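Good morning, and thank you for coming.

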Amino acid sequence: MSKKSFIFTKEMAEKLKASRRKANLKQREVADLLGLKSKYGRSFIARLENELIRNPSLRTVLDYLRICGASWVEFLKKWMNPEYC
């Protein structure tokens with residue numbers, strides 16, 4: 001059995017951004033709720049939403065979705081290979 005990596009795609013980045021906007025949150029607010037401080041936090045969120053962070057941790061993505069009130073199950077379902085579900 002081969003080890004599968006979490007691959008962060010442009011579509012995922014766009015979905016995160018849409019989730020944040022739907023929750024009516026600013027990038028700074030999401031950063032603060034993720035525990036990211038100062039200018040780095042907002043910059044991190046902007047880079048994440050624009051797919052400039054190639055391999056964010058799955059934990060970061062799941063926490064981001066939780067903060068925005070979005071379902072991580074629905075988010076990941078689209079990209080899951082049925083063979084592994």
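Leaving aside its neighbours within four places in sequence, which residues is Ser19 in contact with? Before I answer, please note that this is a predicted model. The contacts of Ser19, once those sequence neighbours are set aside, are Leu65, Cys68 and Ala70. Ser19 itself belongs to helix 1, which covers residues 10-22. Its relative accessibility is 9%, and Ser19 therefore counts as buried, the cut-off being under 20%.

Let me turn to the packing of helices. In general, a pair of packed helices is described by the angle between their axes and by the distance between those axes. For helix 1 and helix 4, the latter comprising residues 58-67, the angle is about 25° and the axes are 9 Å apart. Because angles under 35 degrees count as roughly parallel, helix 1 and helix 4 are roughly parallel to each other. Their crossing is left-handed. On the side of helix 1, the residues that meet helix 4 are Leu16, Lys17, Ser19 and Arg20; on the side of helix 4, they are Val61, Tyr64 and Leu65. By class, the residues of this contact comprise four nonpolar, one polar and two charged.

I come now to the salt bridges. How many does a search of the whole structure find? The search finds three. In one of them, the side chains of Arg20 and Glu49 meet, at 2.5 Å from N to O. Arg20 is in helix 1 and Glu49 is in helix 3, residues 38-49, so this pair ties together parts that are 29 residues apart in sequence. Both Arg20 and Glu49 are buried.

Asp63 takes part in a salt bridge with Arg59, at 3.4 Å from N to O. These two residues of helix 4 are four residues apart, and therefore about one helical turn separates them. Are Asp63 and Arg59 buried or exposed? Asp63 counts as buried, at 19% relative accessibility, whereas Arg59 counts as exposed, at 52%.

Asp63 also forms a salt bridge with Arg66, where the closest N and O atoms are 3.9 Å apart. Arg66 and Asp63 are three residues apart in helix 4, about one turn of the helix. Arg66 is exposed, with a relative accessible area of 53%. Through shared partners, salt bridges join Arg59, Asp63 and Arg66 into one network.

Finally, a word on helix 2, residues 27-33, in which Leu33 is found. Leu33 is exposed, its relative accessible area being 53%. From C-alpha to C-alpha, Leu33 and Tyr64 are 8.6 Å apart in space, and they are 31 residues apart in sequence.

Methods:
Residues numbered from 1 in each chain as written. Predicted model: local features only at pLDDT ≥ 70, side-chain atom pairs only at ≥ 80, totals over all residues. Heavy atoms only, no water. Buried < 20%, exposed > 50% of the residue type's maximum accessible area, 1.4 Å probe, protein only. Contact = heavy atoms within 4.5 Å. Axes fitted to C-alpha atoms, helices over the stretch in contact; angles between N-to-C directions. Parallel < 35°, antiparallel > 145°, perpendicular 65-115°, else oblique. Left-handed = near helix turned anticlockwise from the far one by under 90°. Nonpolar A, V, L, I, M, F, W, Y, C, P; charged D, E, K, R; others polar. Salt bridge = Lys/Arg side-chain N within 4 Å of Asp/Glu carboxyl O.
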